[in-house]
Amino acid sequence: MTVHPSLQTYADAWTHSIESIAELVSPLTEGEWNGRTPCPNWSVRDIVSHIIGMECEQLGDPRPIHTLPRDLYHVQSEFARYMEMQVDVRRHHTAPEMTSELEYTIIRRSRQLRNETRDPGTMTRAPLGAEQTLELALRMRAFDVWVHEQDLRTTLGKPGNLDSPGAAVVRDTLLAALPKVVAKDAGAPPNSAVVVDVHGPVEFLRTVRVDAEGRGSVDGAPSLGPAATLAMDWETYVRLACGRVRASAVSDTIKVEGDQDLAAAILHKFAVTP
């Protein structure tokens, strides 16, 4: 138990997801580590390398000194370059090297979290030399490992944990991004409302309201006359919001009522992860 209960939810979610990932990849053959995942341009090995690298950074380990190849055409930004470093440096690691480093990293991070005594507002290391609070850092690690667990499950044909502790963290994080998607990115008109109705292992109904100044907010009260309603299952919601699939590819799983153009604009801007 950490000193601050506000961190425990994220620590528990992180633990559940990262241990599930270790269980998923431990029996894989060498070839299976090269399997393509829904995470754009990353293989199974790449995802596990990313997770190891990000957890090592939270432990305070130095970043690898490594020059990226020039033919990584999907690396188009400084953020992508930062993330790719921990991935590319492990691209030639064998399956036993990957599993042993993952297991060792989990042991080290679990010990760190068990002994955590810092205030949740303590500033900690973030990508690109930035800083973030300890609470945000742990929330984002819980978010990240759950989403990547689902990437791996999709690739390996082993669905599960769609309603695990990490799913709740992901739901709340994605919902916090909805007002910007609807009001700013999709340009929903002032004094309008958009309802998002999600069913499945994780269920919720939320209304995004756009005020007279065009600012968005989200709540759980239904709207009597929404400009548009989007209904879909939880897995589709996650895949869309995390940029794993375009709306056109899963249109048969999305039900739209009301303003079709507005709904299309929202779905076009639905992805909120980098």
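Helix 8 (260–268) lies across strand 3, strand 6 and strand 7 of the predicted model, at about 50° to strand 6. Such angles run from 0 to 180 degrees between N-to-C directions, with axes fitted to C-alpha atoms, for helices over the stretch in contact; contact means heavy atoms within 4.5 Å. Helices (H or I, at least four residues) and strands (E, at least two) are DSSP runs numbered from the N terminus. The model is a predicted one, in which local features need pLDDT of at least 70 and side-chain atom pairs count only at pLDDT 80 or more, while totals for chains, interfaces and linings use all residues. Residues are numbered from 1 along each chain as its sequence is written, and side-chain values use heavy atoms, with hydrogens and water left out.

The open sheet comprises 5 strands in the order 5-4-3-6-7, with mixed pairing; two strands pair if DSSP finds at least two bridges between them. Strand 5 (216–219) and strand 7 (255–258) form the edges, each pairing on one side only. From one strand to the next, the twist averages 15°. Strands 6 and 7 run antiparallel and are joined by 4 bridges; Thr229 has Glu257 of strand 7 as its bridge partner.

Helix 7 lies across strand 3, strand 4 and strand 6, at about 105° to strand 6. Because 6 of the 8 residues of helix 7 (residues 234–241) are buried, this helix is largely enclosed by the rest of the structure. Buried denotes under 20% relative accessible area, exposed over 50% and partly exposed in between (1.4 Å probe, protein chains only). The buried residues are Trp234, Thr236, Tyr237, Val238, Leu240 and Ala241. Gly243, with a positive phi near 70°, follows helix 7.
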